[in-house]
Amino acid sequence: MAVVFQKPKSLTDKELHYCPGCPHGIIHRLVAEAIDTLGIEGRTIGVAPVGCAVMAYDYFSCDMVEAAHGRAPAVATGLKRSIPGNVVFTYQGDGDLASIGMAETVHAATRNENITIIFVNNAIYGMTGGQMAPTSLPGQITQTSPYGRNLETQGYPIRVCEMLSALDAPYYIERVAVNNVKNVLKAKKAVERAFRNQIEGKGFSLIEVVSACPTNWGLTPRKALEWVDERMIPYYPLGVYRDKDAGIGCTPLSMQTFKKEG
Amino acid sequence: MSEKVLMKGNEAIAEAALRAGCLHYFGYPITPQTELTAYMAKRLPKTEGGVFLQAESEISAINMVYGVASTGKRVMTSSSSPGVSLKQEGISYLAGSDLPAVIVNVQRGGPGLGGIQPSQSDYFQATKGGGHGDYHLIVLTPSSVQEMADLTSLAFDLADKYRTPAMLLADGTMGQMMEPVELPEPHTSAVDKPWAVTGTQMKRKHNIINSLYLSPEVLEKTNFERYERYAAIERDEVRYESYMMDDAEYCIVAFGIAARVAKNAITAMRKEGMKVGLLRPITVWPFPKDAVHEAAQKVKGFVSVELSMGQMIEDVRLAENCLRPVVLCNRAGGMIPGVDQIVEVTKALMTSVEGGAR
Ligand SMILES: Cc1ncc(C[n+]2csc(CCOP(=O)(O)OP(=O)(O)O)c2C)c(N)n1
Ligand code: SF4
């Protein structure tokens, strides 16, 4: 009988620890599928964040490094600069990438560091039990915004793709979602593109995946996916924010490109 | 043997690192170690395989170091006190992940922004951990430009040998001082690193660089194993200089610039017939406990000379184990104890020990 569906080769047999209905599993799969499709597992190094995905190092069968909270882009910079022929990706949550690690993110982007970043935006701190994230929505109730995120005292959510695409340097920035089949298929393409960019020596590629955290949102998995459509995507519109190949979202200076070692 | 060249201490560190096969350097500007960063910025881009990167912060620099160290290559970062404070998180992660790397601290006065003059007030931070968790760094303290070069070389070798970060704990004087130096011969790591993340090439199971162990039993085990390595370092890697200790009745303990001033003070005191010697720790972790303990059997007292409010003195006291009085001779905030001060403090110690017999 023909096998029509199986686990990607670049995922290990380790059982995922994520909550039922958590999109982290889907996003892991998309990353692994891209690695398989491109045939790069043997030269790929993944960097796990501090957050729910901290144990990603057990799930991907390529070499893995666990970074300190928010430091993954700096660690990835070291890994990539050390062996430029390797393919280096980070997998980071919103607290990791957009709060404690914002400096590392922005500077890796502005160096057009030839790495691939998978940024999982679930608008909350999942691992620590549901605190406000830099991407928590206006009015969103979390453990540390029990009366709803107050824009006056707690600030506005950060739109990472929009912010980074104001920089001249980064090569490719796209926001996708994984809350329905159509979106998953688009996300799959985007993730693969982000890895291919690196192999082709093009530079910094970041894919923001609008995700969900049913557990800490206090919603069933199905309701959480609906909330993505109703609340998340309107605030975080999907689409390509920077694509130097297609001239999308480019600043005047950003069309100047430097070929990187891929 | 290579010929002697006249160099600044900071540059000697950089050149020695290059000669030790360190082709990756990440830094962030801070006085008084800027020459080191500038030297690397000049040399590494012109060196085959060399990478120089000015990071966005010391936090990023140490994490870039973490990335390169994960691939098994020699890598260094340098800074001065406030910057080294920022690196502590990364240093703890390096220790927790058993990654070799070299960190240079050309110390300046603190706390806070402090000043830019030389200091030894990061001794506790360097020798007692600095970051969170149970760990040590191998800490080497140069006392000449020659040692800036030699101990940099050694730091790379020891870091690789024991799979641990190592620190060169210098001070602003050492960094800025110019002296003739015989540069170490070029060499590279002799240690195999099968744990490195270089890509599986589909030929082995994946390697993981990690410091997370959610099971306390397993985490405890990693700590115990690491401390076995530390025990070997304490047994085999203690380094110190013993100067005029054979007939000494009083012992000065000092490292770095303080040891140099102490030697001049000893010359002056010996002229007056006072039998004073010097123990100069070259490794402050591991601290030369046995040497101090042995000295305590025959000398009448110790003077700890430091550019701090008295930090190493605690290790001296632990090592001599309350056998003899230990007094502090110090300046702080970027000031350096002078010969006169050392002589005066040593004489006062003699008077109190010998009841004014002299
Ligand atoms: C320096 C530091 N500060 C705080 C923490 C605690 N911590 C662990 S995970 C986390 C938040 C992670 O949130 P996010 O990046 O959004 O990922 P998620 O868990 O939602 O996937 C925090 C604050 C830590 N481990 N280290
Ligand atoms: S806490 Fe949220 S993000 Fe973390 S695994 Fe559970 S559902 Fe997923």
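The residues of the shell around ligand 1 divide into six nonpolar, eight polar and three charged, where Ala, Val, Leu, Ile, Met, Phe, Trp, Tyr, Cys and Pro count as nonpolar, Asp, Glu, Lys and Arg as charged, and the others, Gly among them, as polar. This is a predicted model, in which local features need pLDDT of at least 70 and side-chain atom pairs count only at pLDDT 80 or more, while totals for chains, interfaces and linings use all residues. Residues are numbered from 1 along each chain as its sequence is written, chains are lettered from A and ligands numbered from 1 in the order in which they are written, and side-chain values use heavy atoms, with hydrogens and water left out.

**The ligand sites**

Among the 17 residues around ligand 1, those that come nearest are Cys52(A), Asp94(A), Asp96(A), Gly126(A) and Met127(A); a residue is near a molecule if one of its heavy atoms lies within 4 Å of it. Because residues from chains A and B surround ligand 1, the site is shared between chains. Helix H4 (residues 94–100) of chain A gives the most to this shell, with four residues, helices being DSSP runs of H or I with at least four residues and strands runs of E with at least two, numbered from the N terminus.

Oxygen atoms of ligand 1 take part in polar contacts, that is, pairs of N or O atoms within 3.5 Å. An oxygen atom of the ligand is 2.8 Å from a polar backbone atom of Cys52(A), and a backbone N or O atom of Asp96(A) also lies 2.8 Å from an oxygen atom of ligand 1. With Asn122(A) the contact involves the side chain, an N or O atom of which is 3.0 Å from an oxygen atom of ligand 1. Taken alone, ligand 1 exposes 590 Å², of which the protein buries 75%, as computed by the Shrake-Rupley method with a 1.4 Å probe.

The residues around ligand 2 include Tyr18(A), Cys19(A), Cys22(A), Cys52(A), Asn122(A) and Gly126(A). Helix H9 (residues 214–217) of chain A supplies the largest share of that shell, three residues. By class, the shell around ligand 2 has six nonpolar, five polar and no charged residues.

**Helix packing**

Two packed helices are described by the angle between their axes and the distance between the axes. Here the axes are lines fitted to C-alpha atoms over the stretch in contact, and angles run from 0 to 180 degrees between N-to-C directions.

| Helix pair | Angle | Axis distance |
|---|---|---|
| H1(A) and H8(A) | about 45° | 9 Å |
| H10(B) and H11(B) | about 60° | 8 Å |
| H9(B) and H12(B) | roughly 60° | within 9 Å |

The angle makes H1(A) oblique to H8(A), H10(B) oblique to H11(B) and H9(B) oblique to H12(B); angles under 35 degrees count as roughly parallel, over 145 as roughly antiparallel, 65 to 115 as roughly perpendicular and the rest as oblique.

**Backbone features of chain B**

The peptide bond from Gly110(B) to Pro111(B) is cis, with omega near 0°, and Pro111(B) has its place in the loop between strand S5 (101–107) and helix H5 (123–127) of chain B. A cis peptide bond also joins Trp285(B) and Pro286(B), with omega about 0°; Pro286(B) is found in the loop between strand S13 (283–285) and helix H10 (289–298) of chain B. Arg163(B), a residue other than glycine, has a positive phi near 50°, and is found in the loop between helix H6 (145–162) and strand S7 (165–171) of chain B.

Terms used
Polar contact = N/O pair within 3.5 Å; in protein donor to acceptor, adjacent residues only side chain to side chain.
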